[in-house]
Amino acid sequence: MTINEIQDEIIEEFALFDDWADKYEYIIDMGKKLKGLPQDQKTEDNIIKGCQSQVWLNAHKEGDNLIFEADSEAVIVKGLVSMLIRVLSGHSPKEIAESELYFIDQIGMSQHLAQTRSNGLVSMVKQMKNYAIAYQLK
Amino acid sequence: MTLTEIVDIQKIRADFPVLDQEINGKKLVYFDNAATTQKPIAVINALKHYYEFDNANIHRGIHTLAERATRDFEATREAVRKFLGAASTEEIIFTSGTTNGINLVASTYGRKFIKEGDEIIISGLEHHSNIVPWQMLCEEKGITLKVIPVNDRGELDMEVYDQLLSEKVKLVSVNHVSNALGTINPVKEIIAKAHAVGAVVMIDGAQATSHLDIDVQDLDADFYAFSAHKLYGPTGVGALYGKKALLEAMPPYMGGGEMIKEVTFEKTTYNELPYKFEAGTPNIADVVALKAALEYMDSIGRDKIAAHEDMLLQYATEQLLQIEGLRMIGEAKNKVSVASFVIEGIHPQDIGVLLDNLGVAVRTGHHCTQPLMKRFNILGTTRASFAVYNTIEEVDRLIAGLHRVKKMLA
Ligand SMILES: Cc1ncc(COP(=O)(O)O)c(C=O)c1O
């Protein structure tokens, strides 16, 4: 699936919920299911500091594609992180670098990507793209 | 406990238009008062009135508007003097807030009178704005920074304070009330002991002024800073109290208009107090409206505000402690209406996000007190802080919300 096909799939899944709590329960569930990172990979190099919670992001290449792994201390952030990985991980650096993320807005979670939420998600998206650009140049 | 009405809560709530709204379809519960309080209509009207009728630059013009603006600006200075119990309006300097007041003292008094090898004492309860200015000064001058530790209840360890005090200590700066935990510090005792070794004392009053009666002369504080926005007043304005003799000995903070007597290219003479420290056009409108905030508190009665908040805190604490896995952070014997807590296995941010969806505004995180969070070995807390317009029913909403949040995250 392309990045946009995955985004559309997520938007469809969220369309089933008419209650905020159902949405959040789904995100919390995804957060709990995300494997996360082993302690030894939660390094200073991988950390993206938010004011309230932080995110750890790791990237490596498998074949032509870029694989992301990430973790967070807060489960809602982790759920959002899990969706970002589902959308962006496993694609070519070019695709990732050129992608436009619209699903977050569409599922009504854009406030979490606002600077004021201070959870490191904005920086995480930026960092994912930076990895993609860096690998493109290699 | 009996939940008798201490204040006319419905009347008070009607004074705060912002409270009358829904968040995510639920009536707003605003429990982030330690960050900033909401503003009564009297304050909003004072701002509006100023811009509609009186706006002019102060102290310089001879026209009617300038006179009116100057009169109202100076009337607030007198109101603040009275509010703090200061001896003279010369001792009241308008600032942009607490942070500004602390920086002013660090940059002027600190730079001039504290030297290499001297010591400054702060406490483990401090807000970053009462840590960083002193660190900057210490780094610049080779001064040593010492910290009064905090005990498990969130109180200052006064025995260690006694040990830290010596002739080397030139300044002590602590908060009157902790923003993260609500602890009321024994500042009168702290000040007396500092004076005994010849140190001056700066008090960060940001969290105290909306809850406690302040009397800087009784405390014998050398400097006392606060922010209007935490006591129902506008943002971006506050005041610094300083003892006249100290203010006179201090060099000015910023250069510019208003703070000068005469300027030639050879030499400038400075204006007298308090104008020496008020360079440039000040935040006139917000200073004017600050008076309305002080009058508003007086119109309810400061003792009644405190009693109402204490009742809310007591009720909230009892209810919170019944939640399984919840631990209060900050159980000082003397505290203001701040309930800071952690729930086992749940990140504070998750609590904050979900409570927001339930219409309940709390603060989560480190509350600009990272060293204090480290002391308790936690990432942060969830903090509910109460003001005069909050109600028992709202506390119930918080408690019900927390039960719901726990279930959602389980
Ligand atoms: C204890 C304490 N000190 C200082 C400040 C800083 O106040 P301001 O941001 O208004 O300058 C605050 C505000 O959060 C505070 O709670």
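**Notes on the domain and chain interfaces of chain B**

1. Let's start at the contact between the two domains: domain 1 of chain B and domain 2 of chain B share 20 residue pairs in polar contact, with both residues at pLDDT 80 or more. A polar contact here is a pair of N or O atoms within 3.5 Å; within protein, one must be able to donate a hydrogen and the other to accept it, and residues adjacent in sequence count only if both atoms are side-chain atoms. On the domain 1 side, the elements giving two or more residues are α11 (302–321), β14 (338–343) and α13 (370–375) of chain B, and α13(B) gives the most, with 5 residues. Helices (H or I, at least four residues) and strands (E, at least two) are DSSP runs, numbered from the N terminus. That side divides into 18 nonpolar, 9 polar and 8 charged residues; Ala, Val, Leu, Ile, Met, Phe, Trp, Tyr, Cys and Pro count as nonpolar, Asp, Glu, Lys and Arg as charged, and the others, Gly among them, as polar.

2. A word on the basis: this is a predicted model, in which local features need pLDDT of at least 70, side-chain atom pairs count only at pLDDT 80 or more, and totals for chains, interfaces and linings use all residues. Residues are numbered from 1 along each chain as its sequence is written, chains are lettered from A and ligands numbered from 1 in the order in which they are written, and side-chain values use heavy atoms, leaving out hydrogens and water.

3. On confidence, chain B averages a pLDDT (the predictor's confidence in each residue, from 0 to 100) of 96, and 99% of the residues score at least 70. For the complex, the predictor gives an ipTM of 0.91 and a pTM of 0.94.

4. Back to the domains, whose bounds come from an automatic or database domain assignment: domain 1 covers 3–30 + 301–409 of chain B, and domain 2 covers 44–298. Their contact (heavy atoms within 4.5 Å) takes 35 residues from domain 1 and 31 residues from domain 2. Together they bury about 2600 Å², with 55% of it on carbon and sulfur atoms; buried area is the accessible area (1.4 Å probe) that two parts lose on being put together, summed over both. B:R302, B:V336 and B:L372 supply 26% of the area that domain 1 buries there, more than any other three residues.

5. Elsewhere in the list, B:R375 and B:D152 meet through their side chains in a salt bridge at 2.7 Å, N to O.

6. The interface of chain B and chain A takes 18 residues from chain B and 19 residues from chain A, and buries about 1500 Å², of which carbon and sulfur atoms give 54%. It holds 0 salt bridges and 7 residue pairs in polar contact. On the chain B side, α12 (348–357), β16 (363–365) and α14 (392–409) give two or more residues, and α12(B) gives the most, with 6 residues.

7. Two backbone spots deserve a look. B:L273 and B:P274 are joined by a cis peptide bond with omega about -5°, and B:P274 is in the loop between β12 (268–270) and α10 (284–300) of chain B. B:N24 has a positive phi of about 55° although it is not a glycine.

Key. A salt bridge is a side-chain nitrogen of Lys or Arg within 4 Å of a carboxyl oxygen of Asp or Glu.
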